[in-house]
Amino acid sequence: MAYVATTGKILIVDDNAINLEFLQEVLYGEGYTVLIANNGHAALDILHQQIPDLILLDIMMPVMDGYEVARRIKQSEKYNHIPIIFISAMTESESLVEAFTIGAVDYIFRPFNIMEVLLRVKNHLSIAMLQRKLSHQNHLLQTEIYHRINAEEALKQANATLEERIEQRTAELRLANIHLKVEILEREAIEKERDFQRQQLIQSDKLASLGEVVAGVAHEINNPNSLISYNVPVIKQLWQMCFPVLTEYATLHPHWPRKHYGFFDLSQHMQEMLEAIEMGSDRISKIVSKLKDYARLEESSHKTPVQLNQAIENTLLIVGSYIRKLAKNIDVDMAHDLPQIQGHLQKIEQIITNLVINAAQALTSIEQGHIRIQSRYLEWIQAVMIRVEDNGVGIDPMVVERIFEPFFSTKRGKGGTGLGLSVSYGLIQEHHGIILIHSKPCKGTCFDVLFPIQPYSYSQFSSLKPTILCIHHQSCAFTSFESKLPKLNHVSTEIFKTHEMVFSFLEVHPEIDMVLIEIANQNAWQLINDIQYRFQLLTCIGYVSDISHLNVLEMINDSSEVLLVHPLEALINQIHKVNRIHVWFPKKEHRDNSEVCH
């Protein structure tokens with residue numbers, strides 16, 4: 001909807017009588033109310049008596065020029081809303097800039113163009129009218145808001161009063177209910193006194209019935225379980241007796257049996273399968289024992305000393321057969337110096353089970369599939385570590401931030417529920433541990449779970465951040481890196497007398513995700529190859545710091561991820577592009593789910 005001003009009050013200020021008379025006659029003929037002033041002081045006096053809708057103000061006037069008049073008008077809260085159009089014959093840009101800086105809305109040049117003057121006046125009067133309407137509507141809106149706020153406050157006060165009355169009435173009813181309960185209890189006490197013997201008989205009957213139910217359940221479970229537990233040792237003995245005969249027969253008949261496993265594959269895993277059956281039977285016995293001794297269930301919920309190697313062994317007995325169907329190469333490397341931690345054995349077994357099954361399901365080839373399970377004692381941070389590593393498909397960098405979210409799964413079409421890693425993360429937090437994830441698409445994933453030896457102590461984990469290990473010959477070789485990569489951890493090669501010492505250092509420092517090696521001789525290059533063979537997810541970068549060592553390049557093949565010759569800036573840029581380790585801290589200690597360094 002267009003608003004066009006046809007009436008309005010206009011103040012014309014000009015020291016030239018001809019201009020005044022001309023503009024007055026033109027505007028009056030258009031139906032406007034016209035006020036005139038021949039100097040700045042007269043204009044200000046008129047403003048005190050009448051407030052115009054628009055001011056046409058000449059710039060060049062004696063005593064007080066138009067600029068000063070405009071400044072005084074704009075400094076007044078009462079008049080600063082009045083739009084001002086300057087009139088002048090000056091066309092210099094400085095004059096225009098000063099006019100608009102003071103607060104003018106427009107500028108009319110002399111000699112006048114009548115149509116231009118009328119159009120500009122109408123436009124600015126329309127704008128001023130719209131602004132007044134908007135101001136009025138804003139005032140109405142503010143008034144409405146004020147009334148609504150008052151109404152809401154009144155409603156809140158009424159609600160508060162009502163809540164007080166409800167609370168008071170509730171307290172009265174609660175007190176009356178207590179009195180009623182006391183009266184009922186007194187009556188029940190009298191009735192119990194009368195029927196004491198009868199109640200005793202009923203209670204005894206209930207306890208006897210409960211005992212019969214427990215005994216019946218235990219009996220029904222124990223009977224078939226006893227057959228298993230008693231016959232497994234017999235089967236083991238029979239297997240030992242029959243094994244030589246079957247071996248001889250299988251040697252003479254290499255195609256027997258024809259289905260499923262070959263004989264030698266079956267014989268290789270038979271002992272493990274029998275032990276898994278025996279362990280399952282033992283677990284059934286424990287369940288029956290817990291059913292009989294239910295009253296001690298809460299006591300058993302307390303944390304007890306746990307040996308992580310035992311948890312790994314128990315897990316592999318249960319899921320060993322399953323993961324062997326998905327991976328031909330399974331390496332288990334458990335340290336012998338692991339101290340115990342306080343925790344729940346079965347919950348830690350569940351963590352390992354979920355990680356191992358995830359690793360197996362990430363493999364793309366049975367023959368090439370490789371799963372490595374390790375345990376280590378990290379003395380430098382007083383923690384024990386379980387590592388589960390695979391050479392599967394890896395985790396997409398866009399997904400790794402969400403893998404611990406409940407019900408998030410990349411295997412939804414294959415039956416994944418999205419709860420395995422979420423549950424594991426919750427159990428790790430329950431044990432005050434942290435988890436480090438290092439993954440590269442198409443290369444594999446490594447999960448490192450760290451548990452503190454001292455319960456409720458995990459402040460030492462705050463230093464675990466993605467770290468670069470620098471191995472060099474001279475202490476000054478990587479000095480320039482420290483200012484540009486402040487989280488760099490560089491170690492002189494004099495610490496590592498052999499390659500095995502480097503491997504041992506890497507195994508107890510899971511935070512290291514990149515190794516930067518100065519290549520000064522063939523031994524350094526061999527170290528890169530050996531590290532990449534043992535730690536396939538580590539990024540190894542060879543760096544030639546001395547141009548005189550360029551002949552080393554003749555020995556280089558394509559095994560390192562990147563090799564940059566001497567340009568330090570390019571090397572730093574490359575480091576920032578590599579996928580780094582993700583460290584997930586307990587939520588109670590760190591509000592962020594993870595910390596990632598790029």
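In what order do the strands of the open sheet stand?

**View 1. The open sheet of the predicted model.** The order is β2-β1-β3-β4-β5, with 5 strands and parallel pairing. Strands are DSSP runs of E with at least two residues, helices are runs of H or I with at least four, and both are numbered from the N terminus. Two strands pair if DSSP finds at least two bridges between them. From one strand to the next, the twist averages 20°. Angles run from 0 to 180 degrees between N-to-C directions; axes are lines fitted to C-alpha atoms, for helices over the stretch in contact. This is a predicted model: local features need pLDDT of at least 70, side-chain atom pairs count only at pLDDT 80 or more, and totals for chains, interfaces and linings use all residues. Residues are numbered from 1 along each chain as its sequence is written, and side-chain values use heavy atoms, leaving out hydrogens and water.

**View 2. Strands β1 and β3.** β1 (residues 9-13) and β3 (residues 54-58) run parallel, joined by 4 bridges. L11 faces I55 of β3.

**View 3. Helices on the sheet.** α1 (residues 17-29) touches β1, β2, β3 and β4 (84-88). Contact means heavy atoms within 4.5 Å. The direction of α1 makes about 170° with that of β2. α3 lies across β3 and β4, at about 175° to β4.

**View 4. Helices α3 and α4.** α3 (residues 66-75) packs against α4 (residues 93-102) at about 20°, axes 9 Å apart. Y67, A70, R71 and K74 of α3 meet S95, E98, A99 and I102 of α4.
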